[in-house]
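Work through the exercises below with the model open. Try each task before you read its solution.

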Amino acid sequence: MQVDTADGKPGGKKNEFQPSKIQFAYFSMILAWAGNVLFFFATSPPDLIMKGDGSLRLSDFVGYYEAAKLGFAGGDLYGLTSQLAVLNQIVAPAHTDIAFSVPYPPTFYLLIAPLSLLSLSNAYSVWIFSSMILGLLGSAALVWAQKRFSKIDRLAVMVALIANTPALMAFRSGQYSFFGLSLVSLYCWSFFEKRHLLTGVLLGLTGVTKPHYALFLVIPILVLRQWKVFATAIPIASALFAWSLIRYGMHSVPDYVHYVSQVYLSPHFTGISPEEQVNIRALVMYDILHLPTTELVLTFGTVSMIVGLILSVWLWVKSAKMPELHNWVMAVTIAIALFLGPHLHIHDCLLLAVAAILTIPSVSPALVMKEKDPAYRVWCMTMLLYPLVSFITFNLSIFGTQIRTFPVLLQNLILVIAGTLYIVRRWKQPQAVSQAPETV
């Protein structure tokens, strides 16, 4: 990637980012929002169990804590009776007849089981602080590997990781998102650094916690024939899978498959909120067709994921011999996994930070707008404006959750289209490498 100097010629000393007044105001807003998020998080711990007049609202972390209790006790992980028994122990003296769904594989229950040794509040503190630290450290490793970034760029990216609605919602509800951010960030870092052993470990851990993410992340390993990665990932995933079968029984796998298909349809489960998702299924089935959750809607989600996998395979196969595009294909694969995946809420969009780190040339909009390719500009500007859009929509969401969810859904759609178009255009001009960010 060409670097401009103080006299505007290639080579020499790299300029530090010098923002205009508008850019300075924008980055000041992001910094202030990040500070507000951290202050809000540190000084006002959320109510994990909220009791009302004849109603009971639960934070998402309560579901994870329920999984930890079930995983530690063993036995029937996915039965309605067993889940309700554990949940009512957690919320006592309150009582509920609606189970909180935890649609994760048995290996997740196994890994999270140690949290059951702590009280609910202490488990939440350990979970959220450890996830945030690991998420930021994993992201920092990937950010610092981008040689094109200045010190200001790196600082701005790290601040933006906090100053966005997905991060705020992950904090408040105790979501898995920052753990996922850590795994995917480190996976991408080790992939581009060709550290096959670590890549395999991270792929294996992703596969036993978020299998649908692993399906997309394994594509470049298959296409590029990095068999050393498989030699590490398969034993790790197999060992944890075998351990969970020994612990919970062979029936836990078919139980999991049946459970995932039922939590959307059964009135006995809560915690999914499919109408508030920000993927293509929500866009087509809920926003456009206004359909209730049915078998057709679930089938559409499965088909959309298969289409996303096919699209990702196509991008990797066509780009296999163009290593200067691999960072872009990885970024677009992540965007595809989110938008065409079967299950996606706003907090999951925190993973788009990885796609941004791999592709944006700088945090300066002026530098982005110099590029001629419109798809490139749209992709990068969507990434740069993500904190601002999410800030505005989050504050307007008091008038309805659609105000918060639909703009995020639209951004995800834009990223998939713009990223794919840019890669396809680069195939026709393989000699042009000026827009390929440096990753090593």
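**Exercise 1: a charged pair**

Asp-373 is buried, because its relative accessible area is 14%. Buried means under 20% relative accessible area, exposed over 50%, and partly exposed in between (1.4 Å probe, protein chains only). The model is predicted: local features need pLDDT of at least 70, side-chain atom pairs count only at pLDDT 80 or more, and totals for chains, interfaces and linings use all residues. Residues are numbered from 1 along each chain as its sequence is written, and side-chain values use heavy atoms, with hydrogens and water left out.

Task: Find which residue forms a salt bridge with Asp-373.

Solution:
- Step 1. Know the cut-off: a side-chain nitrogen of Lys or Arg lies within 4 Å of a carboxyl oxygen of Asp or Glu.
- Step 2. The partner is Arg-425, with the closest N and O atoms 3.2 Å apart.
- Step 3. Asp-373 sits in the loop between α17 (365-369) and α18 (374-396), and Arg-425 in helix α19, so the pair ties together parts 52 residues apart in sequence. Helices are DSSP runs (H or I, at least four residues), numbered from the N terminus.
- Step 4. Arg-425 counts as partly exposed because its relative accessibility is 35%.

**Exercise 2: a residue in α19**

Task: Decide whether Asn-412 is buried or exposed, and find which residues Asn-412 touches.

Solution:
- Step 1. Locate Asn-412 in helix α19 (residues 401-427).
- Step 2. Its relative accessibility is 2%, so Asn-412 counts as buried.
- Step 3. Not counting residues up to four places away in sequence, Asn-412 touches Val-278, Phe-339, Leu-344, Cys-349, Leu-352 and Tyr-386. Touching means heavy atoms within 4.5 Å.
- Step 4. A polar atom of the Asn-412 side chain lies 3.3 Å from the backbone oxygen of Val-278.

Terms used
Helix = DSSP H or I, 4+ residues; strand = E, 2+ residues; numbered from the N terminus. Polar contact = N/O pair within 3.5 Å; in protein donor to acceptor, adjacent residues only side chain to side chain.
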